[in-house]
Amino acid sequence: MMRRVRLGATTLDVSALGFGAATLGEEYGALSVEEGQRTVAAALDGGITFFDVSPYYGRTLAEERLGRALERKRDQVVLATKVGRYDRTAPDGFDFSAARVRRSAEESLRRLRTDVIDILFAHDVEFSPPDVIVGETIPALRRLQEEGKTRYIGITGFPLDVLRDLAEQAPVDVVLSYCHFSLLNTRMERVLAPFVREQGVGLINASPLHMGVLTGAGPPDWHPAPSEVKLAARAAADLCAARGADLADLALRFALHNSPASSTLVGMRSEAEVKRNLQSFTGPPDIDLLNDVRALLAHVQDVEWPSGIARGGGEAGRPDGRPPRTGIVVTRGTSR
Ligand code: NAD
């Protein structure tokens with residue numbers, strides 16, 4: 001039975017396991033329309049009622065596909081999408097202006113075949129000067145909320161300190177970060193969770209598989225993590241396989257059973273993956289295996305990478321020097 005959790009001070013109850021629709025935009029490889037539809041249907045059948053997408057995923061493809069897949073189920077789900085990020089590279093792929101926020105939301109409503117979004121996020125806010133987010137983007141999102149086009153608003157991004165600082169300056173209903181609560185990184189618990197609990201802000205954990213690093217197949221080629229992280233995860237995957245276990249299953253059990261967030265968003269691209277992930281949801285990780293895997297990953301624990309425009313310090317990560325293909329993370333605002 002899927003657990004539903006109240007999201008901060010909102011009136012939304014989200015399924016503890018959420019569906020991340022970046023896969024429907026083919027950010028993780030080709031996916032046929034039919035397989036995408038079957039994957040969403042399997043998620044709904046398994047009790048997943050929280051869906052997250054963005055116009056950025058597949059450059060509107062994911063929204064189109066998700067809108068069609070949820071057409072007759074809209075009233076049964078909590079649907080989140082985003083504004084502000086539209087293409088791979090910074091700065092051209094971003095526009096957080098009030099006019100674009102409005103236009104983007106209206107386009108998303110059409111693609112998603114609905115008249116209201118449940119959570120409208122500003123997508124990857126570290127790519128904008130903070131004064132634009134505080135003075136323009138968030139007020140524009142609040143106006144859309146007042147008009148009934150979205151129920152709640154939020155911000156997403158990678159650097160936790162940037163998210164916390166922005167949410168302090170301009171209150172939002174929900175904050176989403178990714179690759180920050182997994183076998184490789186638990187900083188969400190320490191840096192963001194105390195703040196959001198105190199403020200009654202909803203918290204979402206995305207990418208508990210570290211965007212594919214914590215899987216047997218390994219990450220996509222655009223992945224921004226330093227190579228030492230990928231190598232350590234490879235060794236962890238091999239150890240799991242040698243014990244007849246699966247790193248993705250262990251990683252999901254770890255993230256779902258210890259999560260400081262109301263929902264954990266996983267990207268899934270087949271019915272089989274949905275079924276496996278629903279299964280991982282049912283129990284805690286094997287403690288012996290968990291301890292051995294965590295020992296293998298200890299030297300890369302909490303290793304990050306730079307994301308966003310330079311801010312004179314900020315939350316340091318270690319650059320791998322390779323801008324990713326999707327630009328889910330683009331280093332220092334460079335474009336290519
Ligand atoms: P993820 O960590 O969920 O990993 C997804 C990858 O793991 C895909 O390749 C998927 O096919 C694979 N996978 C899933 N289950 C598996 C299993 N059981 N075994 C093997 N492989 C498995 O990363 P993600 O998809 O990037 O993140 C989830 C969602 O979170 C996104 O779709 C998006 O909705 C959201 N997100 C938001 C932001 C943002 O707002 N900035 C950033 C990242 C993610």
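Start by selecting Arg102, Glu106, Glu147 and Lys149, which are linked in a network of salt bridges. The model on screen is predicted.

**Inside the network**

Keep Arg102 and Glu147 selected and hide the other two. Their side chains meet in a salt bridge, with 2.7 Å from N to O. The pair links distant parts of the chain: arginine 102 sits in helix H3, while glutamate 147 sits in the loop between helix H4 (130-146) and strand E7 (150-157), 45 residues apart. Now show the surface. Arginine 102 has 27% relative accessibility and so counts as partly exposed.

Next, select glutamate 63 and arginine 111. They form a salt bridge whose closest N and O atoms are 2.7 Å apart. Glutamate 63 belongs to helix H2 (residues 61-69) and arginine 111 to helix H3 (residues 98-111), so this pair ties together parts that are 48 residues apart in sequence. Both glutamate 63 and arginine 111 are buried, which means that each has under 20% relative accessible area.

Aspartate 238 is partly exposed at a relative accessible area of 41%, and arginine 234 is partly exposed at 36% relative accessibility.

To see the salt bridges beyond these stops, search the whole structure: there are 25.

**The largest pocket**

For the last stop, select Thr23, Tyr28, Met211, Gly212 and Gly267. Of the 37 residues that line the largest pocket, these lie nearest its centre. The space in this pocket comes to about 760 Å³.

Then colour the elements around the pocket. Strand E8 (174-178), helix H8 (247-258), strand E10 (263-267) and helix H9 (271-280) each supply at least two residues of the lining. Which of them gives the largest share of the lining? Select H9: four residues come from this helix, the largest share.

Finally, colour the lining by residue class. The lining residues divide into 17 nonpolar, twelve polar and eight charged.

Notes:
Residues numbered from 1 in each chain as written. Predicted model: local features only at pLDDT ≥ 70, side-chain atom pairs only at ≥ 80, totals over all residues. Heavy atoms only, no water. 1 Å grid on protein atoms, 1.4 Å probe; cavity = no way out; pocket = protein on both sides within 12 Å on 5 of 7 lines; lining within 4 Å. Points joined across faces, edges and corners; volume = space filled by probe spheres on them. Nonpolar A, V, L, I, M, F, W, Y, C, P; charged D, E, K, R; others polar. Salt bridge = Lys/Arg side-chain N within 4 Å of Asp/Glu carboxyl O. Buried < 20%, exposed > 50% of the residue type's maximum accessible area, 1.4 Å probe, protein only.
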